[in-house]
Each structure stands twice: as C-alpha cells, then as structure tokens.
Amino acid sequence: MQPEFITFKKFDDPALAQALTDLLEEAGIEHQTEKGGFSFDPTFAASAELSTEYRVKISADDFTRANELLNASEAEDIKHVDKSYYLFSFTNAELMEILEKADEWSSFDHQLARKLLAERDVDVSDQKLAEINQNRIDELKAPESTQREWVIIGYIFALMGGVLGIFIGWMLSSHKKTLPTGEKVFVYSEADRRQGKNILYISIVVTVIAVAYRVIRDMTMQ
C-alpha cells in the first residue's frame, strides 16, 4: 500500500528543494515534490514579489530520520561559517529560542545555534535537547484557544444555509496540523470540534431543505 506523503519542508528556491530530495534519495527515503502555490516576502520591500513554492513530502514515519539526516548534513557546514553570519550576534536567550522552536528555523541555523551555545558553556547536551524538543511537541499538540467567535459565526451561516456554514463546520470539526514528528493532531479543542460537527450537520440539512424548496417551487410555477 502506497504510504501517505505529507509536507516535510517548503522552499521558494528549487535548488534548496533539490538538495533535500538528493539527500533523501541517498538515504533511500521515499519522497514527492510538488510545485504550486505562492510564497510572499512579508517585508514589503520594493523588490518583494511572489515566488513559486516547492513542497517536499515524505511519509510521517520518516520525519524523525529525515530530520536527523538534515542535522547531520549541516554539521560539517557550520564548521566553515563566516563570523559575519547573523547568528553570531544573537544573545544566549535568542539562540536558545532557536532550539526551542526548531520547526520555525532551518536545520543549519538550529545546528549553528547549538554549537554557539555550547561554546558559551550553555547546556545543550543530547538529553537537554530531547527535553526541549518534547516540550515543543507538547506545546504544538495543545489545541487552539476556544473559537467562540467562529462558533457563533458558524451557527449564523448554518441557519442561513450554504457553503460557508458547511466550510466553517468542517474546519472546526476536522482541521488538523502536522507536528515536526509527522504526527497529525486536531487544531481545535474537543468542545469546539463538537460545535463544528453541529454546525456542519445543521448547514447540510438547511442547505438541502433550501435547495429542495427552490426545486419544488420552480416545478410548481411551470
């Protein structure tokens, strides 16, 4: 059975995407690359423009191994990094934040931050890093805060019928996010998911009734 491939990394540079796929191929990790969508430079600089996004996808079971490969591949590069690289000016707290939110940074920056902290006599042992990573996973697993406004809006559109109510209901009840480990978890709390299901069912029933009413009305008017 073909494994489900989910997004592992996103790039706006095809060369970076190719470098990752080369690494995955060498390690025998199955992958897919998708080209589509757009990324945008949020700095609003005069030169900012849309660029194509490249998504490298792998099986969830391979996330941990792929991350280890990335970290190992960067280990040699960080030995030759120029001292002008921006991380050298970071404080210990800023460097530690990179380790705490590794999913938001490149593997290179993560490895370099760890190296710099170690040189500053900060504890970044494997045991400490495992603890940091577990805390981050627990943080990301936590559901979003109560979506009271979306629930109210959802019920309003549900009673009106139509696609928007169905979409809001589906989003609240089913939307998931992918953790750095490849695990998928629900974005919203169990209470909000129950409300989402109610919104979804009401939206479908009201929409069906509205469509049936219009069809019957049109048939009787002919």
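How many salt bridges are counted between domain 2 and domain 3? In this predicted model, the count between these two domains is one salt bridge. The side chains that form a salt bridge include those of Lys141 and Glu183, with an N to O distance of 3.6 Å.

The domain assignment divides the chain into domain 1 (1-62), domain 2 (81-142) and domain 3 (148-221). The centres of domain 2 and domain 3, taken over C-alpha atoms, lie 41 Å apart. Five residues from domain 2 and six residues from domain 3 take part in the contact. Together the two domains bury about 460 Å², and carbon and sulfur atoms account for 68% of this area. On the side of domain 2, Ile137, Leu140 and Lys141 contribute 82% of the area buried against domain 3, more than any other three residues. One residue pair in polar contact is counted between domain 2 and domain 3, with both residues at pLDDT 80 or more. The side of domain 2 that touches domain 3 comprises three nonpolar and two charged residues, with no polar residues.

A further site was examined around Arg65, which is placed in helix α2 (residues 63-77). Arg65 counts as partly exposed because its relative accessibility is 39%, between the limits of 20% and 50%. Beyond its neighbours within four places in sequence, Arg65 is in contact with Ala27 and Ile29. The side chain of Arg65 reaches the backbone oxygen of Ala27 at 2.5 Å. Arg65 and Ser174, 109 residues apart in sequence, are separated by 28 Å in space, C-alpha to C-alpha.

Key:
Residues are numbered from 1 along each chain as its sequence is written. This is a predicted model: local features need pLDDT of at least 70, side-chain atom pairs count only at pLDDT 80 or more; totals for chains, interfaces and linings use all residues. Side-chain values use heavy atoms; hydrogens and water are left out. Domain bounds come from an automatic or database domain assignment. Contact means heavy atoms within 4.5 Å. Buried area is the accessible area (1.4 Å probe) that two parts lose on being put together, summed over both. A salt bridge is a side-chain nitrogen of Lys or Arg within 4 Å of a carboxyl oxygen of Asp or Glu. A polar contact is a pair of N or O atoms within 3.5 Å; within protein, one must be able to donate a hydrogen and the other to accept it, and residues adjacent in sequence count only if both atoms are side-chain atoms. Ala, Val, Leu, Ile, Met, Phe, Trp, Tyr, Cys and Pro count as nonpolar, Asp, Glu, Lys and Arg as charged, and the others, Gly among them, as polar. Helices (H or I, at least four residues) and strands (E, at least two) are DSSP runs, numbered from the N terminus. Buried means under 20% relative accessible area, exposed over 50%, partly exposed in between (1.4 Å probe, protein chains only).
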